[in-house]
Amino acid sequence: MKRVRGQLGLIALCLIMFIVTLDTTITNIALPDITKYFNASVTNTNWISTIYVLAMSVFIIPAAKFGDQFGRKKIMLLGLGLFGIGSLLCGLSENLIFLIAVRFMQGIGGAIVTPIMIPLSVSLFGREKATDAVGIIGAVTAVAAAAGPPIGGLVLQYFTWKYIFFINLPIVILTFVLITTCFDESYDTTVSKKVDGLGLVLFLAGIAQLTYVLIKGYGMGWTSKWSIGLIIGSALCLGLFIQWERHTKEPFVEFGLFREVTFTASSLVYLNYSPETPKSPSNT
C-alpha cells in the first residue's frame, strides 16, 4: 500500500510540473490565433505569456516560505486550485484584459506549486529516496518545456485556442485528488509562523521590477528611461530588503543558506533557466 501511495504521489508531482511548465511554452504557439480572435495587436497579446512568467518569477520564493510555515500540502492544494480556476477562466475569456488578468492568477498558482515539489518528495519518500524522485520530476519538466509547441500545434489544428487552457482541467482535478490522498501534511518546524511583511513587500517589489526589465528590456531599450528606472528601483528595493533581513529576528530569507556551496551552485544554475517568451514586433 505504501509503495502504491508513493507511485501515485510521484505521478501527481510529475503531472503538476508537466502542466505548469507546459503553460510557459504552449501559449506562445496560440498567440497569433488569440491576436486574431480579439482583433488586438501582437504587443498586447504578448502580455499573455509575459504575465505568466512574471507571476512565476515573483511569487515562487514566497510560496516556498509559506509552505514551510503553514503546511506544504495545504499550500500545494491552494496553488493547484488557483492554477485550475485560472485555466478555466482563461479558456472562458471573451476579453483580452480579463484573459491577461486570469493568466496572472494561473501564474501565481504555478509559482505556488513549483517550489513545494522537493519538500513534498522528501516527506513522501524520505531524504535518501527523494533524490531519485526529484530527478524524475526534473526530466518530466524538461520534456514539458520542449513539448509545448508541438502539443499546442496539435490542439490548434483540431480545436480552438481556448483548449490549450481547458486541457489543464482534468489533470488539475486528478492531481488534486492524488495530493489529497497520497500526502500527509508537513511543516518546517524550525521556522516561525510569523510573516515578515516588510521583507515580503520589498522582495516582491524588487523582483517584480527586475523580472520585468529582463523580459521587456530589449523591446523598451536597455538604456531607455523605463529600463534604467526599473533597474534603479529594483536595486533600491532589494538593497533595503537585504539590509532589513540581516537585522530582523524572523527573516523572510535565510541568507546563511548561501554559505552552502551546493545550494548556491544549484541556485545559479536554475537562474540560467528562463522560459521562452515570444518577441513582439518591437523586439525584432
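**Figure 1. Overall view of the protein chain.** From the N terminus on, the elements of this chain run α-α-α-α-α-α-α-α-α-α-α-α, in a model that is predicted. The protein chain accordingly holds twelve helices and zero strands. Of its 284 residues, 45% count as buried, and the accessible surface of the chain comes to about 14800 Å², with 69% of that area belonging to carbon and sulfur atoms.

**Figure 2. Close-up of the largest nonpolar core.** The largest nonpolar core has 33 residues, and those with the most contacts inside it are L13, I16, V20, M76, I179 and F183. At least two residues of this core are supplied by each of helix 1 (2-38), helix 3 (47-70), helix 4 (72-92), helix 5 (96-113), helix 6 (117-125), helix 7 (127-158) and helix 9 (168-182). Helix 1 provides the largest share of this core, namely eight residues.

Figure 3. I16 is one of the residues with the most contacts inside the largest nonpolar core. Once its neighbours within four places in sequence are left aside, I16 is in contact with M76, L80, V113, M117, T175 and I179.

**Figure 4. Close-up of the packing of helix 1 against helix 7.** Two packed helices are described by the angle between their axes and the distance between the axes. For helix 1 and helix 7 the angle is about 30°, and the axes are 7 Å apart. Because angles under 35 degrees count as roughly parallel, helix 1 is described as roughly parallel to helix 7. The crossing in which helix 1 passes helix 7 is right-handed.

Figure 5. W222 lies in the loop between helix 10 (197-220) and helix 11 (225-247). Its relative accessibility is 43%, so W222 counts as partly exposed, given that this class lies between the limits of under 20% for buried and over 50% for exposed. Not counting residues up to four places away in sequence, W222 touches V213, L214, G217, S227 and I228.

How values were computed:
Residues are numbered from 1 along each chain as its sequence is written. This is a predicted model: local features need pLDDT of at least 70, side-chain atom pairs count only at pLDDT 80 or more; totals for chains, interfaces and linings use all residues. Side-chain values use heavy atoms; hydrogens and water are left out. Helices (H or I, at least four residues) and strands (E, at least two) are DSSP runs, numbered from the N terminus. Buried means under 20% relative accessible area, exposed over 50%, partly exposed in between (1.4 Å probe, protein chains only). Accessible areas come from the Shrake-Rupley method with a 1.4 Å probe; for residues, only the protein chains shown count as cover. A nonpolar core is a set of buried Ala, Val, Leu, Ile, Met, Phe, Trp, Tyr and Cys residues joined through side-chain atoms within 4.5 Å. Contact means heavy atoms within 4.5 Å. Axes are lines fitted to C-alpha atoms, for helices over the stretch in contact, and angles run from 0 to 180 degrees between N-to-C directions. Angles under 35 degrees count as roughly parallel, over 145 as roughly antiparallel, 65 to 115 as roughly perpendicular and the rest as oblique. A crossing is left-handed if the near helix is turned anticlockwise from the far one by less than a right angle, and right-handed if clockwise.
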